[in-house]
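Here is a short report for a reader meeting this protein for the first time. Please look over the sequence and the fold before reading on.

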Amino acid sequence: MSDETTGTPAGPQPDPIRFFGTTWVDHTDGYAARRAAVAVGSLAAAVAACFVLRFAYEGLEVADVGGPVTLMVVVMFAVCSALAFRHTSGAFTKRPDPDRQSSLRGLLAIGFIGSLLAYFFRALVEAPGEKLNREEYEAAREQYERRSKRRTGNPSKKRRNS
């Protein structure tokens with residue numbers, strides 16, 4: 001069964017993934033090139049961000065704020081990046097809790113380099129979030145197929161056991 005007006009098959013439709021749309025379903029329309037571009041782009045953004053942080057570190061040295069403040073800033077960025085990496089890579093395999101996500105927004109903003117690196121490493125394997133979306137899509141398709149199989153035939157012609 002399909003919808004003749006739009007040409008899309010009946011049943012659940014796959015959710016689009018950022019930069020990939022729905023090409024992750026069957027790996028068409030330049031999927032491999034997009035994955036390569038996402039990997040290179042996220043790595044380039046992470047490297048550029050490291051240069052920006054280096055300039056910030058040099059600014060702290062020029063301002064002569066002292067060793068403890070400089071150490072706290074470096075440790076803060078390192079810890080936030082590690083936490084952002086872990087959170088982002090976990091979000092590719094399991095839907096994050098929206099409340100927790102909003103409470104971690106500041107930490108993720110500070111640790112943006114970790115998020116970019118998580119995106120880079122995931123793009124080397126698959127489209128970031130593809131595994132989670134594929135599991136959800138296949139489960140929805142399977143549930144749809146089971147429901148539509150039960151509904152085949154005309155119920156008024158069904159034999160009744162008396």
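This is a predicted model: local features need pLDDT of at least 70, side-chain atom pairs count only at pLDDT 80 or more; totals for chains, interfaces and linings use all residues.

## The nonpolar core

Start inside. The largest nonpolar core has 12 residues. Its members are I17, F20, W24, Y31, V38, A39, F92, Y119, F120, A123, A127 and Y137. Two helices stand out as suppliers: helix 1 and helix 5 (112-125) each give this core at least two residues. In soluble globular proteins, nonpolar side chains tend to be buried together.

F92 is one of the core residues. Which residues does F92 touch, beyond those up to four places away in sequence? The list is A118, Y119, R122, P128, G129 and L132. Of these, Y119 is also named in the core.

## P14, ahead of helix 1

P14 lies in the segment before helix 1. Is P14 buried or exposed? Its relative accessibility is 16%, and buried means under 20%, so P14 counts as buried.

Setting aside neighbours within four places in sequence, P14 contacts T22, W24, V25 and Y137. Among them, W24 and Y137 belong to the largest nonpolar core.

L43, V47, F51 and F55 make a nonpolar surface patch of about 370 Å².

F51 sits in helix 1, which spans residues 31-63. Its relative accessibility is 46%, so F51 counts as partly exposed.

Definitions and conventions:
Residues are numbered from 1 along each chain as its sequence is written. Side-chain values use heavy atoms; hydrogens and water are left out. Patches are made of residues with over 30% relative accessible area and no salt bridge: like charges are joined within 9 Å, nonpolar side chains (Val, Leu, Ile, Met, Phe, Trp, Tyr) within 5 Å. Accessible areas come from the Shrake-Rupley method with a 1.4 Å probe; for residues, only the protein chains shown count as cover. A salt bridge is a side-chain nitrogen of Lys or Arg within 4 Å of a carboxyl oxygen of Asp or Glu. Helices (H or I, at least four residues) and strands (E, at least two) are DSSP runs, numbered from the N terminus. Buried means under 20% relative accessible area, exposed over 50%, partly exposed in between (1.4 Å probe, protein chains only). A nonpolar core is a set of buried Ala, Val, Leu, Ile, Met, Phe, Trp, Tyr and Cys residues joined through side-chain atoms within 4.5 Å. Contact means heavy atoms within 4.5 Å.
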